[in-house]
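This report describes side-chain packing, charge pairing and backbone geometry in one protein model.

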Amino acid sequence: MTEHARRLLFGGIASGVLFAVAACGEGGAASVRQAADNGPRVTLDGGGVRGVDDGEVLRFRGIPYGLPPVGELRWQPPQPVRKWTEVKDATKSGPLCAQPDIVDPTKLVGAEDCLTVDVTVPKKVTAPRKPVMVWLHGGGFTAGAGHDYDPRRLAAEGDVIVVTVEFRLGAFGYLSLPGMTNGGTFGLQDQQAALRWVRRNAQAFGGDPDNVTLFGESGGGIAVCGQLTSPGGKGLFAKVIMQSGSCGTALLPNAAGPGSPAVPFWRSLKEGHAASRTGAAQVGCPDEAKALACLRARSAAELLGLTGYTAAATYGGRTLPVAPPKALQSGAFHRVPVMSGHTRDEALAFASLFTFLGQPITDQNLRAFFVQGFGDKADEVARRYRRADYPSAAQAWAASYTDAIFACPHVRADHALARRTEVYAYEFADASAPPLFPSLPGFPAGASHGAELPYLFEVKDKPISYDGKPIPLTEAQRAVAGDMVAAWAAFAHSGRPSAWEKSWPRWRRGEGKAHLFTEKAGGTAVSTPAIDHACGFWDKIDLDGKITL
């Protein structure tokens with residue numbers, strides 16, 4: 001495998017005529033204008049920007065929504081941008097936020113000065129105000145980039161404006177030390193700052209500031225659920241979509257690779273402080289009283305050693321007063337319509353990674369993998385996920401992780417949400433879907449983690465084969481993609497994925513029906529995730545604190 005293909009494998013883990021869109025409201029008329037010589041322009045609250053005419057859509061890239069969080073602003077709440085006078089070039093995306101290189105985690109990629117958004121606007125004029133969709137990328141809370149997801153089809157076919165966001169990650173987004181102002185949640189605070197920016201500037205692009213849908217996948221889906229329970233999220237969005245990540249999602253041991261520890265995405269201030277102090281000592285700042293000043297004096301590259309200690313947001317502060325799973329159960333969340341779902345074979349992506357790394361899950365080591373993941377509950381799990389019931393040991397292991405980490409946390413969250421708001425669930429089950437992360441030839445990728453993303457976006461360098469060649473969607477898969485774009489856009493427009501009202505019932509406790517996306521279903525099938533993914537079994541399993549459900 002080439003170095004380029006290897007990097008792509010690990011990387012997943014957005015002629016002169018006058019064009020105007022009018023939007024009338026309390027702020028008066030606003031417009032996007034396209035001049036003959038230098039592309040479309042729009043005037044924002046910070047100043048004018050010039051974008052790119054890109055066929056069916058207009059693009060405005062790399063627009064700052066916050067001051068660079070560097071120097072004394074490192075580990076501070078995001079600050080509003082200062083106004084500019086000259087028209088700002090918005091033809092290129094900003095950098096990804098600082099994070100470890102996927103292949104060499106000791107190497108820094110991206111930059112701290114990264115608080116930007118890309119805005120994709122459909123060129124056709126169909127209504128005074130279009131819905132706005134704001135995308136939070138995946139990558140846990142430590143990696144990824146919003147501009148890797150090109151929303152052209154979603155914008156043009158769905159008639160929505162799409163905003164992709166860059167926000168602080170890892171050590172820069174979730175360090176939590178005593179004395180910090182609302183520490184441990186800077187990445188979530190960035191997302192709220194971007195949403196406030198959208199609310200102030202939506203009309204300038206022809207968008208409706210009162211019709212914003214916040215959506216994200218994996219770590220982005222988890223963050224969406226965090227925003228749903230954060231007091232600071234009030235009024236910033238009218239709907240949410242959580243894809244393969246919910247409030248109770250956490251990683252079991254081995255999920256992120258051979259020997260990887262359990263990773264919760266929420267922890268208390270006490271736990272956050274302890275982890276950050278340990279990380280600070282590891283990078284040469286052991287004096288607790290001086291740790292923050294010591295760390296601020298370090299370069300971004302020197303802080304990469306903190307990443308493993310800063311992969312979770314802290315609760316108990318202003319951004320997250322309580323743990324999001326508990327907030328859902330108590331009803332402490334914003335009452336907005338919810339769309340929530342996952343892929344049918346999420347963890348096959350992780351099993352594929354094991355195989356690629358030369359440590360495949362086999363009949364001989366399957367029990368050891370169950371023990372590593374489930375401790376003294378391994379025998380119960382092994383009896384429920386019998387090797388004889390699956391084509392391979394890898395698929396038996398992956399089924400248990402899919403259900404424990406993804407499917408059943410989504411079911412629990414949907415049950416809690418449905419007590420107080422409208423919930424619509426889906427399951428992506430196209431078993432022939434090309435995997436987002438390439439697998440070895442012959443490995444059964446199935447509908448694995450992230451496999452639905454190329455159906456909604458043009459994802460940078462994905463999907464690709466093992467030898468690094470692009471894998472285009474088939475005609476049948478493009479039809480599924482069209483159905484998904486229609487559903488996501490319908491939800492953004494109306495709060496209901498109304499393309500299939502009969503086959504996409506509202507989630508109800510005791511029923512738990514989810515719309516099924518698959519080539520064979522033709523847009524008419526439903527599934528029952530709680531039954532299909534053995535959630536009754538997982539409700540009774542105590543994982544001894546290894547995972548927060």
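## Terms and basis

A residue is called buried under 20% relative accessible area, exposed over 50%, and partly exposed in between, with a 1.4 Å probe and protein chains only. Helices (H or I, at least four residues) and strands (E, at least two) are DSSP runs, numbered from the N terminus.

This is a predicted model, in which local features need pLDDT of at least 70 and side-chain atom pairs count only at pLDDT 80 or more, whereas totals for chains, interfaces and linings use all residues. Residues are numbered from 1 along each chain as its sequence is written, and side-chain values use heavy atoms, with hydrogens and water left out.

## Helix α10 and its packing

In helix α10, which spans residues 366-374, the buried residues are Leu366, Phe369, Phe370, Gly373 and Phe374. Seen down the axis of α10, these buried residues fall within an arc of 105°, so they line one face of the helix; the arc is that of the directions from the helix axis to the C-beta atoms. An α-helix has 3.6 residues a turn, so residues three or four places apart point the same way.

The buried residues of α10 pack against α9 (348-356), α11, α12 and α16, where contact means heavy atoms within 4.5 Å. Just after α10, Gly375 takes a positive phi of about 55°.

## Aromatic pairs and charges over rings

The structure holds 27 aromatic pairs, a pair being rings of Phe, Tyr and Trp (its six-membered ring) whose centres lie within 6.5 Å, with planes under 30 degrees apart counted as stacked, over 60 as edge-to-face and the rest as tilted. In one of these, the ring centres of Tyr385 and Phe537 are 6.4 Å apart and the planes stand at 70°, so the pair is edge-to-face. This pair links distant parts of the chain, 152 residues apart, with Tyr385 in the loop between α11 (378-384) and α12 (393-418) and Phe537 in helix α16 (residues 535-539). Tyr385 is buried, at a relative accessible area of 1%. One aromatic cluster is formed by Phe354, Phe369, Phe370, Phe374, Tyr385, Trp397, Tyr401, Phe537 and Trp538.

Two rings also carry a charge, which sits over a ring if NZ of Lys or CZ of Arg is within 6 Å of the ring centre and within 35 degrees of the ring normal. The charged end of Lys88 sits over the ring of Trp84, 4.7 Å from its centre, and the charged end of Arg335 sits over the ring of Phe333, 4.7 Å from that ring's centre.

## Nonpolar cores

A nonpolar core is a set of buried Ala, Val, Leu, Ile, Met, Phe, Trp, Tyr and Cys residues joined through side-chain atoms within 4.5 Å. The largest has 136 residues, and those with the most contacts inside it are Phe60, Ile63, Val119, Phe205, Trp397, Trp488 and Trp538. Helix α12 supplies the largest share of this core, 15 residues. A second, separate core of 17 residues includes Leu175, Leu177, Leu292 and Leu306.

## Salt bridges

A search of the whole structure finds 19 salt bridges, each being a side-chain nitrogen of Lys or Arg within 4 Å of a carboxyl oxygen of Asp or Glu. Arg168 forms a salt bridge with Asp190, the closest N and O atoms being 2.8 Å apart. Arg168 lies in the loop between β12 (161-165) and α3 (170-174) and Asp190 in helix α4 (residues 186-201), so the pair ties together parts that are 22 residues apart in sequence. Arg168 is buried at 3% relative accessible area, and Asp190 is buried at 0%.

The side chains of Arg412 and Asp539 also meet in a salt bridge (2.9 Å, N to O). Because Arg412 lies in helix α12 and Asp539 in helix α16, this pair ties together parts that are 127 residues apart in sequence. Arg412 counts as buried, at 16% relative accessibility. Elsewhere, salt bridges that share partners join Asp54, Arg59, Asp150 and Arg152 into one network.

## Backbone exceptions

Most residues other than glycine have a negative phi, and most peptide bonds are trans. A cis peptide bond joins Lys462 and Pro463, with omega about -5°, and Pro463 is found in the loop between β19 (458-459) and α14 (475-494).

Asn182 has a positive phi near 55°; this residue is placed in the loop between α3 and α4 and is buried, with a relative accessible area of 13%. Ala534 likewise has a positive phi, near 55°, and lies in the loop between α15 (529-532) and α16, where Ala534 is buried at 7% relative accessible area.
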